[in-house]
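Have a look at the model below, and keep it open while you read. The tour starts with the strands and then moves on to helices, rings and a few loop residues.

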Amino acid sequence: MLQLRKQVAGVIREYDLFSANDRVLIGVSGGPDSVALLSLIHNTSRTNPPYSEIFIAHLNHSIRGAESDEDERFVTALAERYGVPLITEKRDIVEIARERKISLEEAARDERYKFFESAAEKVGASVIAVGHNADDNAETILHRIIRGTGITGVSGIRPKRKLTSISAVSLVRPLLFTWRKDITAYLEEEDLSYRIDSTNIETDKLRNRIRLELIPHLEENYNAKIKKSLATLGETALQNSDYLEEKTKALFEDVLVNRETPIETITLDINKLKGSPQILQQMIIKEAIVRLDIPLKKLSNRNYKDILNTL
């Protein structure tokens with residue numbers, strides 16, 4: 001499917017996802033999105049590739065027992081087929097979640113990104129590519145709206161960001177503007193097999209119910225193009241969010257009192273902070289929390305308001 005290859009190549013250029021000097025680590029689970037991503041990046045402009053070298057990273061999370069081991073074997077065979085070096089690791093996510101007293105989803109996500117970072121360091125990769133698509137973005141935005149969010153949450157998934165706030169490695173999503181149906185069509189046309197994660201059809205998880213039940217209901221009864229509407233909302237919100245973040249960073253430097261590094265405490269000028277637009281006051285507090293390396297998920301909108309009300 002030449003059109004999809006051109007689209008992905010265009011997204012890589014437009015959003016500067018990686019360049020000819022970059023070593024790119026591709027996260028491959030064995031599912032349809034990651035298999036398509038590997039194929040598309042491997043075959044994009046082979047005569048003049050937009051990267052220096054590519055690698056495959058696969059984390060066996062052990063959640064599905066024998067199925068997880070089959071996923072690893074499948075990805076190993078895939079790496080051999082494409083002649084791409086593979087970094088793989090096995091972790092007991094169920095035990096990690098139990099020890100840390102967090103959900104399986106949260107533990108799997110945390111361990112996956114820790115693994116990606118260590119794998120990138122191992123091979124000297126400056127970019128990690130993952131297979132999130134346009135459907136994932138629409139589902140993420142709706143999920144966040146249901147659970148409660150602000151403009152940053154409504155912005156959805158970014159095509160490119162730092163792996164962590166202090167990481168030099170970029171996380172990129174070349175398929176973010178590609179719909180799932182087009183990925184499936186590409187795989188069929190290229191005769192590419194893939195693995196299906198059985199946990200993706202379990203309706204006890206909110207995210208799965210949104211994908212399998214809510215969005216089809218909205219498409220049938222309210223708006224046949226609801227996913228496109230959500231994606232458009234995310235794009236508009238992202239533009240607004242980026243503008244506000246740019247203003248916040250500039251204003252933060254003016255409000256910041258202590259500038260010594262490393263920063264263990266942050267002191268802000270209260271008068272300058274209170275003189276800022278209200279929306280930026282909360283974002284300045286958020287910036288301070290990020291710089292102190294405090295997980296944002298531990299704070300709610302109420303917490304931000306309480307902080308500002310004490311000033």
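## Strands side by side

Strand 1 (residues 23-27) pairs with strand 2 in the parallel sense, over five bridges. A word on the terms: two strands pair if DSSP finds at least two bridges between them, while helices (H or I, at least four residues) and strands (E, at least two) are DSSP runs numbered from the N terminus. This is a predicted model, in which local features need pLDDT of at least 70 and side-chain atom pairs count only at pLDDT 80 or more, while totals for chains, interfaces and linings use all residues. Residues are numbered from 1 along each chain as its sequence is written, and side-chain values use heavy atoms, with hydrogens and water left out.

Within that pairing, Val24 stands opposite Ile54 in strand 2. Strand 2 also runs parallel to strand 3 (residues 86-90), and five bridges join them. There, Asn60 stands opposite Lys90 in strand 3. To get from strand 2 to strand 3, the chain crosses through helix 3 (residues 66-82), and this β-α-β crossover is right-handed (with the strands pointing away from the viewer, the path from the first strand over the helix to the second runs clockwise).

How much of strand 2 is covered? Strand 2 (residues 53-60) has seven of its eight residues buried. Buried here means under 20% relative accessible area, exposed means over 50%, and partly exposed is in between, with a 1.4 Å probe and protein chains only.

Ser39 has its place in helix 2 (residues 32-43). Ser39 is buried, with a relative accessible area of 1%. Leaving out residues up to four places away in sequence, Ser39 touches Tyr82, Tyr186 and Leu192; contact means heavy atoms within 4.5 Å.

Now go to helix 12 (residues 278-291). Its 14 residues should span 20 Å at 1.5 Å a residue, and its end C-alpha atoms are 20 Å apart, which agrees. The expected span is 1.5 Å times one less than the number of residues. Among the buried residues of helix 12 are Leu280, Met283 and Ile289, along with Gln281 and Glu287. The buried residues of helix 12 pack against helix 10 (226-255), helix 11 (270-274) and helix 13 (301-309).

## Aromatic rings

The structure holds four aromatic pairs. One of them is Phe115 with Phe116: the ring centres are 6.0 Å apart and the planes are at 40°, so the pair is tilted. Rings of Phe, Tyr and Trp (its six-membered ring) pair if their centres lie within 6.5 Å; planes under 30 degrees apart count as stacked, over 60 as edge-to-face and the rest as tilted. Phe115 is buried at 0% relative accessible area, and Phe116 is buried at 4%.

Which charged residues lie over the ring of Tyr113? Arg112 lies over the face of Tyr113, 5.6 Å from the ring centre, and the charged end of Arg161 sits over that ring, 5.8 Å from its centre. A charge sits over a ring if NZ of Lys or CZ of Arg is within 6 Å of the ring centre and within 35 degrees of the ring normal.

## Positive phi values

| Residue | Phi |
|---|---|
| Ser62 | about 65° |
| Lys101 | near 55° |
| Asp293 | near 60° |

Ser62 is found in the loop between strand 2 and helix 3. Lys101 lies in the loop between helix 4 (93-100) and helix 5 (104-123), and Lys101 is exposed, with a relative accessible area of 77%. Asp293 follows helix 12.
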